[in-house]
Amino acid sequence: MPFPFGNDPQKTEGYRRFWSLTEAKRPLVGFTLRGFFPMEEYAATRAWPPDTDLTPEMVVPAEFLPDEERLLREGELLGDDIIRGDMPAAAVIPWLSGMLGSRLRILPGNVLGEERLRPWEEIEQLRLDRQHPWFTKYVEFAQALVRHADGRYPVSHGAFVGPCDILGEVRGHTQSILDIMEEPERAQAALWRATHIFEEVTTEIWKRLPLFAGGYYDGMYHLWSPGPIIRIQEDASGLYSPALYRKCLQPLDRYLAQRFSSAFIHLHSTSMFILDAFLEIEELRCLQINNDAIGGPPLPRMVPYFRMVQAARRSLVIRGRFTPDEIRLLMDSLDPRGLYLLILVQDLREAERLRPLLGM
């Protein structure tokens, strides 16, 4: 192909139509052979011993690069609409958790920041330390990707846990909800501190990353954007009532969305009961919702939520595995304007079977 990894700059026009909700005959479509568990994709991560702590010294960016090259090559075979890029260690490492002092535990198929009950006095001192070993390793990894890319693919920020997730890690998820009820001023101050750190770590890495085809990028969802982008995450929001979300988290998410012209939020089915509260944040240009393969509701129960997003005139990214019947349901139920389907497939043959159903 004339463009490495299928990254034809002309593909940015499809993304521009996606962001602007321009009339379209079909959705933006991406196929990927990558799964939900990126640790399985890299020889470097498969070598990490399970049930131990991950330390910065164990992360060697050069050891990831051969697999990064191999994974990106799928774009030369799948022939879809998307631009492929990367981010430091894909979504393997919870970088921000490590930067804020959490132990990172290697589990089967995943690495998680370990929650523990920290005293308020310690939480009041949380900040982004640019000399912290996890921050310097994160920057080192991003710069290694930029050199390896050499203009062939975009490099982005990492996938970070969000403000309520951070509070859950530093106080314990159950205790963090009790804190909001019993010590609301301290809990809210901690949430704001986490929000400012989240903003800072996002802007800091973009000082070191080149634009691609004149735009920004999110490597988690292969999402190019014409303006500054931020991926907001509030996975623990599923523990909050609608009233608590509006009181405690909605101001934080609005603050972040106001500062990036291409702001989007990552959601799971567990947060759909407060979807209307997320949609009240007018500055959120886009919502990304997973079709959760494990533990999620069947797709027909998710379609009304997808329609809510489109009725609010927001762009929508849906990521997951889909059967042919599920693809037909999405195509029949949703407006192709501002719709991006990121479809996980087992092999090239599955992509070819789904392609006609998508109007490709």
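## Strand β8

Six of the six residues of strand β8 (residues 262-267) are buried, so the strand is largely enclosed by the rest of the structure. Buried here means under 20% relative accessible area, against over 50% for exposed and partly exposed in between, with a 1.4 Å probe and protein chains only. Strands are DSSP runs of E with at least two residues, helices are runs of H or I with at least four, and both are numbered from the N terminus. From β8, S262, F264 and H266 point one way, while A263, I265 and L267 point the other way.

This is a predicted model, in which local features need pLDDT of at least 70, side-chain atom pairs count only at pLDDT 80 or more, and totals for chains, interfaces and linings use all residues. Residues are numbered from 1 along each chain as its sequence is written, and side-chain values use heavy atoms, with hydrogens and water left out.

## Neighbours of β8

Two strands pair if DSSP finds at least two bridges between them. β8 pairs with β7 in the parallel sense over five bridges, and I265 in β8 stands opposite I232. β8 also runs parallel to strand β9 (residues 286-291), to which four bridges join it. On that side, L287 in β9 is the residue opposite I265.

A right-handed β-α-β unit is made by β7, helix α11 (residues 242-258) and β8. Right-handed means that, with the strands pointing away from the viewer, the path from the first strand over the helix to the second runs clockwise.

## The largest pocket

The largest pocket has a volume of about 1,000 Å³. A pocket is an open set of points on a 1 Å grid over the protein atoms alone, where a 1.4 Å probe fits, with protein on both sides within 12 Å along at least five of seven lines; lining residues have an atom within 4 Å of a point. The volume is the space filled by probe spheres set on the points, which are joined across faces, edges and corners.

Of the 39 lining residues, N110, L112, Q233, D235 and H268 are the closest to the centre of this pocket. Elements that give two or more residues to the lining are β4 (110-113), α8 (163-171) and β7 (229-233). β4 gives the most, with four residues.

## The second largest pocket

The second largest pocket holds about 240 Å³ of space. Its lining has 16 residues, and G14, R17, R26, P27 and L28 lie nearest its centre. Helix α1 (residues 12-20) gives the most to this lining, with four residues.
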